[in-house]
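Hello,

Here is the structure for you to look over. My notes follow below it.

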Amino acid sequence: MASGKPENRETALSQLGRESKAHFGVVNTPVYRASTILYPDVATLDAHGMPFSYGRRGNPTIRSLQDAICALEGATQAMLLPSGLSAVTSAIMVACSAGDHLLMADSCYGPTRSFCDKVLRRFGVKTTYYDPRIGAGIAALFWPNTKAVFCESPGSLTFEVQDIPAIAEVAHARGAAVLLDNTWATPLHFPALKYGVDLSIQAVTKYIGGHADVMMGYVAANEAWAPRLLDYHGTSGLYVCGDDCYLALRGLRTLAVRLKRHQETATILANWLKDRPEVSRVLYPVLPDDPGHELWKRDFSGACGLFGVVLKPASKAAVAAMIDGLTHFGIGHSWGGFESLLVPADILRTAKKFEAEGPVIRIHAGLEAPEDLIADLERGLHRLRSHTA
Ligand SMILES: *Cc1c(COP(=O)(O)O)cnc(C)c1O
């Protein structure tokens, strides 16, 4: 935009990545579909003198989204990837080489763990899983060849908040990079690079897409890591099409208002659930008695609508009876869309056991009316109880 930098991030969301002048005044950058880019002559070709060189390397729709992400993240470079998981694996490939050691949060997204155990291992990169609440104590886990610390905060399914500044201080003192899967908070509620993260990872599929119809991820890098990110992306052939970038840009415009509502509704549901006799505890750092609340309050400016619930002991069949009869909650993977979801959570830990009194479920609070969601959950918990009794 021609005017100065917007002071407020919500204002920024409606202005980022727009180049109306280049598109006849059209507010949104249109969808470009391109493989070949034509050059006017050989001299221009030799001088790499066109704004775009080849479809895989970008087009105006792709660049609009990249520009918006860079501004939002305060990043030097942002590369788009075909899924959130490919953003996770790409960031690890950028940071690690054969013979290196990686420290991985024990609470990481399941497929992130599978990549470390099945693929990274074959390339000679060793992974050690660490307790997500370790903070500065992570220093004790460093080997001379530790090159990266991968964080995810709050953690998948169990929602532990990590002390990112403490971890970053230890990692940087030892020459290791800090990677963060920041999908839960989005850059809006946790500006990762400002807190010492080198490579900030986002599953755009979730809240930026926001409408359950886009698969995408990105990695945003600070100045030190931007060249390696650019090299990796440019040489590995990864590509995201303009149609999906258009949808992601559209989602970005309403990210702040959606997140506000997701957080409000999740907080209402979480507070209601924690007092229910069928519930042991709720895993949501927004709640003042959550073990991660203080860190969340210190570092985050908001939350999203995703949280966990530890039930009192109940059979698998009772939990299924509860979930199967829900009318406003879908049963499905993913989250971050406008719709509410509820799934049983399968927690895998290798560094430190996650102690749960009973089965764990994961709830995504969508944009529906909270009272309808509560009524649905109330009927569900009644089914759970009658099944158990
Ligand atoms: C969903 C998710 C991913 C992966 O995103 P996809 O687009 O589904 O590949 C990565 N990290 C976290 C924390 C997620 O929840």
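**Backbone, pocket and ligand**

Pro154 is found in the loop between strand E4 (146-152) and helix H6 (164-173). Helices (H or I, at least four residues) and strands (E, at least two) are DSSP runs, numbered from the N terminus. The peptide bond from Ser153 to Pro154 is cis, with omega near -10 degrees.

Two notes on conventions. This is a predicted model, where local features need pLDDT of at least 70, side-chain atom pairs count only at pLDDT 80 or more, and totals for chains, interfaces and linings use all residues. Residues are numbered from 1 along each chain as its sequence is written, and side-chain values use heavy atoms, with hydrogens and water left out.

Phe24 is placed in the loop between helix H1 (9-15) and helix H2 (42-46).

Now the pocket. The largest pocket holds about 850 Å³ of space. (A pocket is an open set of points on a 1 Å grid over the protein atoms alone, where a 1.4 Å probe fits, with protein on both sides within 12 Å along at least five of seven lines; lining residues have an atom within 4 Å of a point.) The volume is the space filled by probe spheres set on the points, which are joined across faces, edges and corners. Its lining has 42 residues, and Tyr109, Gly110, Pro111, Ser156 and Arg362 lie nearest the centre. Helix H5 (110-119) is one of the elements that supply at least two lining residues. H5 gives the most, with 5 residues.

The ligand sits in the largest pocket (more than half of its atoms lie within 2 Å of the grid points). Residues around the ligand include Tyr109, Glu152, Ser156, Lys206 and Trp335 (near means a heavy atom within 4 Å).

- Leu85: a backbone N or O atom lies 2.8 Å from a ligand oxygen atom.
- Asp181: a polar side-chain atom lies 2.6 Å from a ligand nitrogen atom.
- Thr205: a polar side-chain atom lies 2.5 Å from a ligand oxygen atom.

The protein covers 92% of the 380 Å² of accessible area that the ligand has on its own (Shrake-Rupley method, 1.4 Å probe).

Best wishes

Technical notes: A polar contact is a pair of N or O atoms within 3.5 Å; within protein, one must be able to donate a hydrogen and the other to accept it, and residues adjacent in sequence count only if both atoms are side-chain atoms.
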